[in-house]
Every structure is written in structure tokens, then in C-alpha cells.
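Q: Could you walk me through how to read a fold, one feature at a time?

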Amino acid sequence: MILKINNKEFDFFNNVNVQMTFDGIASSFSFDAVFNPEDEEHKKLFRPLRYSKIEIEHNGETLITGRKIGSGFKSAAKKTTSTINGYSLTGVLNDCTIPLSVYPLQADGLTLKEVAEKLLKPFDIAVVIDSAVKDAANAVLETTEAKATGSVASYLTTLAAQKSIIVSHTSRGALLLTEAKPNRRPVGDLSNAIEKTLSANGQQLHSYIAVLKDATITGGNAGEEELDNPLIDSFRPKVAEQKSGTDVDTELVAKQIRAAELKAITLTIKLDSWMLGDKVLRPNIIVSVHDHEIYLYNKTNWFVQSVTLLGNEKEQTAVLKCVLPEVYTLKTPSNPF
């Protein structure tokens with residue numbers, strides 16, 4: 001494993017934690033490091049409130065490129081390490097509102113790509129567009145207006161959702177407009193993983209989702225759509241209101257709500273390696289699992305939503321958080337039980 005701080009390799013570190021998230025604006029990291037308070041180079045690298053650039057690599061692959069946002073120091077009779085934590089370069093978009101330099105907040109006749117590039121330019125963050133969503137990202141948006149007090153990330157995520165685009169990030173720290181790949185073949189069978197935990201929170205799920213949209217004074221049609229969730233056999237209704245878009249979008253809104261609820265069903269898998277084959281484990285892959293102990297009596301495919309890599313001088317482990325593929329396909333869910 002290689003750790004770089006401000007483009008310089010740093011050797012004295014331990015207890016690495018890298019959490020890579022697919023459908024989030026940023027991933028996060030932390031590690032313990034030996035701080036020599038008399039070393040001038042250490043003084044520069046460890047100085048609190050200096051957003052130093054951090055890069056973590058493994059097996060020739062870049063895992064994360066980000067900024068240091070937190071530092072922890074302790075003085076005691078026995079020498080201790082300092083703790084450093086941070087997030088991807090794109091993490092700042094969660095923390096900050098739209099800068100005045102790119103006002104006005106209203107976007108007329110712009111595409112999602114153009115809006116993203118305009119908002120990210122002051123932060124010196126690149127925008128990368130997956131070829132699968134290129135057409136949607138280049139389609140002109142209806143008139144939209146951001147909230148002055150809202151974060152850059154929340155505004156972009158809201159706009160992207162209207163186009164069924166996921167706002168993510170690359171390992172190099174760019175903003176990524178993309179889509180999930182839930183229809184891929186499984187990259188591996190993890191039935192023999194060292195630990196697996198299945199959780200299903202029925203409180204968050206409903207037997208049907210109904211979405212209502214009122215007609216607008218500008219001539220927009222009213223809309224109504226109802227979808228069942230065959231996983232739920234008890235009467236648990238939910239009615240939601242569609243706040244934007246047209247009546248054509250009403251079915252999509254209902255599917256997105258049902259898919260979001262399916263995140264209440266999770267499978268956590270622990271492995272004793274960061275690797276699957278010759279590649280580092282990452283989100284946006286499909287794995288299969290068959291294990292009677294966790295009520296998976298048939299081999300079932302799962303979408304890996306996030307991967308947490310943990311490492312120290314003794315071992316490396318990976319923790320995968322998985323959800324049903326229908327969270328991203330928006331299709332009617334098949335029962336894994």
C-alpha cells in the first residue's frame with residue numbers, strides 16, 4: 001500500500017480505513033500516522049486546518065484521492081500516533097453552498113453537464129460523464145433554481161435524479177455522472193466469506209406506493225401512479241406527492257420511491273482480503289451468495305453499494321455493503337427469501 005501526502009510518499013502509517021461509496025458525492029478515509037513534532041516536513045504535512053492532498057494506492061490502483069479534513073493529536077507518557085481523516089476531493093461539495101461567483105442561481109437553457117461544470121469550476125474539480133448517461137447529461141433542463149443555502153451536492157443530486165443519473169465520483173477525485181450496472185454478471189460467489197450479515201427492516205417498506213401529481217396553472221397534466229411491492233404481504237400503503245416534472249414522470253417517481261425503500265434490505269459481507277482475483281474490491285459490482293444461515297436458501301445476486309477496506313500491519317479485511325439489484329434497476333423486486 002502507498003500513501004502520499006501532498007504528492008510525497010509517507011511511510012509511517014497504520015490502521016488504514018478507506019470507505020468507497022458508489023452513490024455518494026465522496027468516499028472517505030482515515031489512518032494513524034507517526035508525527036515527529038520536531039521534523040519540519042511533518043509540521044507542514046500534519047498542520048491542523050491545512051487541507052493537504054491525500055492519495056492512497058494499492059496493487060497499482062488508486063483507491064482514493066482527497067483532502068485531509070481532520071487531525072487528532074495526543075501527548076502522553078507513552079508515544080502515540082496521530083489520527084488523520086478526510087474525504088474525496090468532491091467531499092467539499094457536501095459542505096459548501098454555491099459560491100457567489102457563479103450566480104445567478106437560476107439555470108435557463110443549460111444541460112446538467114453545463115450546470116455541473118459551472119458550479120465546480122471555482123472548486124477546481126473536473127466533471128466526468130459516463131458514456132451510458134451522455135445523452136441525458138447533455139439534455140436541456142427545464143428552468144431550475146438552486147437554494148442559496150443548499151449545498152452544491154444536494155442541488156446537483158436533485159437535478160441528476162430527474163434524469164435518472166447518479167452523482168458519484170472517481171478514484172482520482174472528479175465528479176462522476178453515471179448509472180449503476182446492476183445487470184452485469186456476478187464477479188464472484190462469496191458464499192464462503194468469513195462473515196455475512198443479512199438485515200431486513202420491514203418498518204421502512206410498504207405494500208404499495210401511490211404517487212399523485214396536481215395539474216399546474218401553466219397547463220401541466222395531473223398524474224397518478226400506483227406500484228405494488230410483492231415482497232410485502234401485509235397492507236402497508238404509502239401515498240407521496242410529486243413536486244416537479246410532468247405526468248409522464250409520475251411512474252418514474254413511484255419506481256424511485258419503491259427502489260429507495262428496498263435499501264432497508266442489506267447484506268454485509270466480510271472478507272479477509274482487499275482483492276477479488278487480481279483486482280481491488282470496489283462498489284458497482286454484482287456478487288452472488290447462497291447461505292441457509294442467513295435465510296438465503298437459493299443463490300441470490302446482490303449489488304455492492306459500498307466497500308470498506310481496513311488494514312494494519314497484521315491483516316487486511318474488506319467489508320461489502322450490498323443491496324438488491326432492483327434498488328438500481330427500478331424493476332419489480334424478486335423475492336430473495
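Q: Which are the buried residues of H3?

A: First, some ground rules. This is a predicted model, where local features need pLDDT of at least 70 and side-chain atom pairs count only at pLDDT 80 or more, while totals for chains, interfaces and linings use all residues. Residues are numbered from 1 along each chain as its sequence is written, and side-chain values use heavy atoms, with hydrogens and water left out. Buried means under 20% relative accessible area, exposed over 50%, and partly exposed in between (1.4 Å probe, protein chains only). Helices (H or I, at least four residues) and strands (E, at least two) are DSSP runs, numbered from the N terminus. In helix H3, the buried residues are Leu112, Val115, Ala116, Leu119 and Leu120. They fall within an arc of 115° when seen down the axis of H3, so they line one face of the helix; the arc is that of the directions from the helix axis to the C-beta atoms.

Q: What covers the buried residues of H3?

A: The cover includes helices H2 (92–95), H4 (134–137) and H5 (152–162), along with strands S8 (106–107), S9 and S12.

Q: Where is Glu114, and is Glu114 buried or partly exposed?

A: Glu114 also belongs to helix H3, but with a relative accessible area of 35% it is partly exposed. Its C-alpha atom is separated by 8.6 Å from that of Ala137, which is 23 residues apart along the chain.

Q: In what order do the strands of the open sheet come?

A: The general idea: strands of a sheet pair through backbone hydrogen bonds, either parallel or antiparallel. Two strands count as paired if DSSP finds at least two bridges between them. Here 3 strands form an open sheet in the order S9-S12-S11, with mixed pairing. Strands S9 (127–129) and S11 (166–169) are the edges, each pairing on one side only. From one strand to the next, the twist averages 30°. S9 and S12 (residues 175–178) run parallel and are joined by 3 bridges; Ile129 stands opposite Leu177 in S12. Helix H3 (residues 112–120) packs on this sheet, touching S9 and S12, and its direction makes about 160° with that of S9. Contact means heavy atoms within 4.5 Å; axes are lines fitted to C-alpha atoms, for helices over the stretch in contact, and angles run from 0 to 180 degrees between N-to-C directions.

Q: Which residues touch the most other members of the largest nonpolar core?

A: A nonpolar core is a set of buried Ala, Val, Leu, Ile, Met, Phe, Trp, Tyr and Cys residues joined through side-chain atoms within 4.5 Å. Among the 52 residues of the largest one, Val18, Phe31, Ile56, Ile269, Trp302, Leu309 and Leu320 touch the most other members. Strand S22 (residues 296–311) gives the most to this core, with 6 residues. A second, separate core of 29 residues includes Leu112, Ala137, Ala146 and Val167.
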